[in-house]
Amino acid sequence: MNAWQPVIGLEVHARLLTRSKLFSGAPAGYGAAPNTRACAIDLGFPGVLPVLNREAVRMAVRFGLAVGARIAPRCIFARKNYFYPDLPKGYQISQYEDPITAGGSITIEPAGGPRRDIGLVRAHLEEDAGRSVHEGFGRGTGIDLNRAGTPLLEIVTEPAIHGAAEAAACMRKIHTLVRWLGICDGNMQEGSFRCDANVSVRPAGSQTLGPRSEIKNVNSFRFVERAIGYEIERQIDLIESGGEVVQETRLYDPDRHETRPMRDKEDADDYRYFPDPDLLPVAVGEAFVAEVRDGLPELPDARRDRLAGQYGLGAADAAQLVSYREVADYFEAAAEAAGSAGSEDAADAARLTANWVNGELAGALNREGLRIDEARVTAGQLGRLVRRIADGTVSGRMAKAVFDAMWGSGEEPDAIIEARGLRQVTDAGEIEGLVDAVLDAHPAQVDQYLGGAEKVLGFFVGQVMKRSGGKADPRQANRTLRERLARRRDEPPAGQTP
Amino acid sequence: MTAPAPDSVAGIAAGLARGDFSAEEVARRFLARIEALDSRFNSYITVTAERAIEEARRADDARRRGSAGFLAGVPVAHKDLFCTRGVRTTCGSRMLANHVAAYDATVVELLRRSGMVTLGKTNLDEFAMGSSTESSHFGPVCNPWDPERVAGGSSGGSAAAVAAGLAPVATATDTGGSIRQPAALCGLTGLKPTYGRVSRHGLVAFASSFDQGGLLARSAEDVALVLGEMAGFDERDSTSLDAPVDDYRARLEAPIAGLRIGLVEEQFEDGVEAGVREAVGAAVRVLEGLGATVRPIRLEYADVGIPTYYMLAPAECSSNLSRFDGVRYGFRAPGVSSVEELYVESRTQGFGVEVKRRILAGTYALSKGYYDAYYGKAQRLRRLIADDYRRAFEEVDVIAGPTTPTPAFRLGDRLDDPIAMYLADVFTVGVNLAGLCAVSVPAGFAGSLPVGLQLTGNHLEEARLLNVAHRFQQATDWHLARPPLAEPAGGTPAGRTQDGGTRGGGTQGAAGASEPGPTPAARGRR
């Protein structure tokens, strides 16, 4: 049996967050009533002309700089000609030769695998088509041109991905990056972030590429992974049973978990590309590029490394914090509120903050389907709660109750701790009193302990907590119990005769 | 200096300014002439009589209030390739026979804003593809100088309308010669501005990198007056030039002594009809008489202009016309049962033969495996042709020659021979390939038919071209000649006829200040 190597390249379409369309002044963005966001240019009326949206160029350059691509000093828009009812002009304005950015790479860390750079071929600007609506028109088809002319950045990777999980990691990385840069909202349900995957297999060690199938428009990370996984197996099975892979476009059906050949415009693959004579070559000047570069935020990988170093976080925690720029911002604001930087305690507080952001907060957001900027607990509030954990005012368990209360009311942690009497008992005398009372009430268990059954200690801790109404600092209770028990071994209490 | 003809732009503007007549009277006079005479020429597809009267009244109001511009109340006709809001914009095609434009082209908007009165939309070759205005869905246009002959194309309707006195000036477009060639064939002054000088917004595209709006009028002066209002940068057209607009009118009178004129030898050889050669030769001598010097120049790649043009323009057209698919607007074939069939039938029935020929040729030129050999090679030749002109303009100020190798040919003569038809543009396409400006000026007659002198200028040299043309027209009166057929029966023969020469021989051309009412001639259309 042969060993096969899958070879995968991705084409990601990210809808750019411009206010207006790529070549018209009509508003971009989804969700409006059909054909209410399309002007004469989007409708392809006779005589209309495209005028390039400069903001889209800025966003493309922003992406190019973030991935270390070459920004073309002069790029060209080309027409991709084909007939389709939702393509108003009979051609799509895209880029063919001379795209706005070329090269660059992204780094992926597939689960369990080493870090790897995946090269990018290019990223280019193009306009989206409209939508054909098949429901509600009897035997006919409705056309909604709201989406027509919406700016897309098509990001093309090298065919250098060798597994379904790697492909998903790659797509996630691009997803994080475009949102991080503020150029795409990443909404996959609405189609703001779509992915086509070119999949082929070849005998391990071979350098030539096998015939590929293109899987179109897969709209979730999970489906990308499953679709590619399925397609790899299908191709291997096909070849091993003596068949041949044909170059074709296939559609993934998540319900049946299979890919099927697609019959449509893709049959005709001669798009007769030529430079669009309505648009002059776009000169992207050095000053413009410098200006965009100056406006770039700290990028996810750099920020991950900085968070790990500066706050002493583990790799997994740091990586999770940079999945969204807003999460990283939230974390840093919370960490600052949790305690001043520099000391050993501060590092503890930062790690604790990371746990809370990635744990309780993420869980609460998930439950309610909120984005982090919609969180009901501010970064400052969370930081101040962590500070109370770190200084022993509340236990971790109590803090969860405080957090829930904060989430519900939006109140400050100290106010909740005060109002609900949740302050942890840390007073040595008070704890000693509790401990003594518990030991006095359970002489049989004391004897067991003194007789060597140390596991009874847990029982005593539980009793102390119970007596304190949960407010005793468990660590302190533990310590005091050991001390008092040791003392009873050495000097039995008065009134007790040997 | 002679007073401008009373039915010229300058004459009407002056009369309106003096209060000799109202804009409404002018509009009614032209509308009556159209009504009476256009059945002979078929120069209009749509006459917007009500709108014209309304606009004329508005111009009269403005004049009473003292807020009228120089051109307020002067009528204009628009080639039916320019979008006019609320008025059907057909492009001479069945595809758009009932298409009412949703917006005004920039050119239309600018001229409306200057107060000009829209008489209607003029006939043209379908989607401006042709050199005879015979490919129009609305029937061919006849040349006012000889109704058996073509008016040229594709702006044949605009040319015939102005030549027949059915409009003082008309907008037109020039992709490979479509302003200059009909100007030559109809005895008019026709300017194709530098590519990008006039906005293409709202001009239905034939070949986007060639298309340019311009004007057909009687004289260079008339062109200058109107061009000043319609030239300029338009942010809605990315290929529009962001350069200041010259004062064309102010520069008309500048002396041209010392002007360096280049002549291309091949344009005076056997391929050119003798009558044309003689008239153009005489015209060049008039310019020499005005102090210009003449020297030969070479345009090395001139002979590949036609094949280069007929590779690139159809390629662009094949893509530009893809939007006419029967889905959103325009002609939709009835009785189809699939999307595929909808496309095929709508386009098969909606487009005429010449348009389909060019779409097919262009599709082929862009196809995989042929792109480099055809489109790519033609692009390289286009650059070489542009280089030719660039070198030439290092030595000369303008290039002079015949606009066309022959005067107007007979209707139907070249319909079955597309190559012969395409060769009508042999002297004009180079200008479009290089994106330059050029003007065709009446330069006499070959037999009974007008001959055009083409003057080509460097980028943005419209002012110089109009200056040279105007000085030439001050020294000649070919531009004042009127086709006898367009004269109302019983009217005074105003202009000189075909046997005239340069000025000095009388008072031809200066028609009486009061224009007699038009009388429909008995002669109908062929």
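Predicted model: local features only at pLDDT ≥ 70, side-chain atom pairs only at ≥ 80, totals over all residues.
Salt bridges were searched for over the whole structure, and 67 were found over all chains. Side chains of opposite charge can pair when their charged atoms come close. One such contact is the salt bridge between the side chains of A:Glu291 and A:Arg58, with an N to O distance of 3.0 Å. This pair links distant parts of the chain, the two residues being 233 residues apart. A:Glu291 is located in helix α4 (residues 286-294) of chain A, and A:Arg58 in helix α1 (residues 54-66) of chain A.

Helix packing was examined in chain B. Two packed helices are described by the angle between their axes and the distance between the axes. For helix α4 (residues 106-113) of chain B and helix α7 (residues 220-230) of chain B, the axes come within 8 Å and cross at roughly 110°. Angles of 65 to 115 degrees count as roughly perpendicular, and α4(B) is therefore roughly perpendicular to α7(B). The crossing of α4(B) past α7(B) is right-handed. On the α4(B) side the contact involves B:Val107, B:Leu110 and B:Leu111, which meet B:Val226, B:Glu229 and B:Met230 in α7(B). By class, the residues of this contact comprise five nonpolar, no polar and one charged.

A further helix pair in chain B consists of α9 (residues 305-320) and α11 (residues 353-366), which pack at an angle of about 100° with their axes 7 Å apart. This angle makes α9(B) roughly perpendicular to α11(B). Helix α9(B) contributes B:Tyr310, B:Met311, B:Pro314, B:Ala315, B:Cys317 and B:Ser318 to the contact. These residues meet B:Arg358, B:Ile359, B:Ala361, B:Gly362, B:Thr363, B:Ala365 and B:Leu366 in α11(B). The residues in the contact of α9(B) with α11(B) divide into nine nonpolar, three polar and one charged.

Notes:
Residues numbered from 1 in each chain as written. Chains lettered and ligands numbered in written order. Heavy atoms only, no water. Axes fitted to C-alpha atoms, helices over the stretch in contact; angles between N-to-C directions. Helix = DSSP H or I, 4+ residues; strand = E, 2+ residues; numbered from the N terminus. Parallel < 35°, antiparallel > 145°, perpendicular 65-115°, else oblique. Left-handed = near helix turned anticlockwise from the far one by under 90°. Contact = heavy atoms within 4.5 Å. Nonpolar A, V, L, I, M, F, W, Y, C, P; charged D, E, K, R; others polar. Salt bridge = Lys/Arg side-chain N within 4 Å of Asp/Glu carboxyl O.
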